[in-house]
Amino acid sequence: MSYKFDSLIMILNRIDSGGPVTVHSLMDGLEISDRTVYRYLQTLQVAGYPIVYDRQKESYVFADNFRLRKPNLSVEEQLAFALARNLLGSFGAGMQKSLVSIEDKLSSAKTDLPRHIVLTADKPTPVVTEHF
């Protein structure tokens, strides 16, 4: 496999699946070197994915029960939670805070993305500057 983006997605999916993920399994599955595996893992960590090595499992895992997928709740389960939140929310601020915390955990993973992106580049050539 030669595409970095595809490899990064495959690493995330393997870790999310819960099966053993080692440097050697990634090397074999993605046909990349061990240095590339470490570089890709570091790239994902810098991007905000909580990837850690679990010595007991001898595998890379997501920390803090992080998951890529949202829980698969049925419509009935969603309605039951909404009803419970409405009924139990009146039991005080502590209960309301707990219910909001549960709802946050059930919703998709939130990321703190920047409000804007700043791209930097070298100074444009005179030909480009002339056109603008």
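Q: What makes the pairing of the Thr36 and Ser33 side chains a polar contact?
A: The distance is 3.0 Å, and a polar contact is a pair of N or O atoms within 3.5 Å, where within protein one must be able to donate a hydrogen and the other to accept it, and residues adjacent in sequence count only if both atoms are side-chain atoms. The model is predicted, so local features need pLDDT of at least 70 and side-chain atom pairs count only at pLDDT 80 or more, while totals for chains, interfaces and linings use all residues. Residues are numbered from 1 along each chain as its sequence is written, and side-chain values use heavy atoms, with hydrogens and water left out.

Q: Where is Thr36, and is Thr36 buried or exposed?
A: Thr36 lies in helix H3; helices (H or I, at least four residues) and strands (E, at least two) are DSSP runs, numbered from the N terminus. Its relative accessible area is 12%, and buried means under 20%, exposed over 50%, partly exposed in between (1.4 Å probe, protein chains only). Thr36 is therefore buried.

Q: Why is Ser59 given the class that it has?
A: Ser59 has 3% relative accessibility, so Ser59 counts as buried. Ser59 belongs to strand S2. Beyond its neighbours within four places in sequence, Ser59 is in contact (heavy atoms within 4.5 Å) with residues including Gly19, Pro20, Val52 and Tyr53.

Q: What makes up the largest nonpolar core?
A: This core holds 16 residues, and those with the most contacts inside it are Ile11, Ile15, Leu41, Ile51 and Tyr60. Helix H1 (4-17), helix H2 (23-30), helix H3 (34-46) and strand S2 (59-62) each give two or more residues to the core. The name applies because the set consists of buried Ala, Val, Leu, Ile, Met, Phe, Trp, Tyr and Cys residues joined through side-chain atoms within 4.5 Å. One of the members, Ile15, touches Val21, Leu41, Ile51, Tyr60, Val61 and Phe62, leaving out residues up to four places away in sequence.

Q: How many aromatic pairs are there, and why is the pair of Tyr49 and Phe66 given its type?
A: The count comes to 3 aromatic pairs. Rings of Phe, Tyr and Trp (its six-membered ring) pair if their centres lie within 6.5 Å; planes under 30 degrees apart are stacked, over 60 edge-to-face, the rest tilted. The centres of the Tyr49 and Phe66 rings are 6.1 Å apart and the planes stand at 85°, so this pair is edge-to-face. Tyr49 sits in the loop between H3 and strand S1 (51-54) and Phe66 in the loop between S2 and helix H4 (75-88), 17 residues apart. Ring pairs also join Tyr49, Phe62 and Phe66 into a cluster.

Q: Why is the pair of Tyr53 and Tyr60 given its type?
A: With centres 5.0 Å apart and planes at 70°, the pair is edge-to-face. Tyr53, at 42% relative accessibility, counts as partly exposed, whereas Tyr60, at 11%, counts as buried.

Q: How do you know whether Glu31 and Asn65 are buried or exposed?
A: Glu31 has a relative accessible area of 62%, so Glu31 is exposed. Asn65 has 75%, so Asn65 is exposed.
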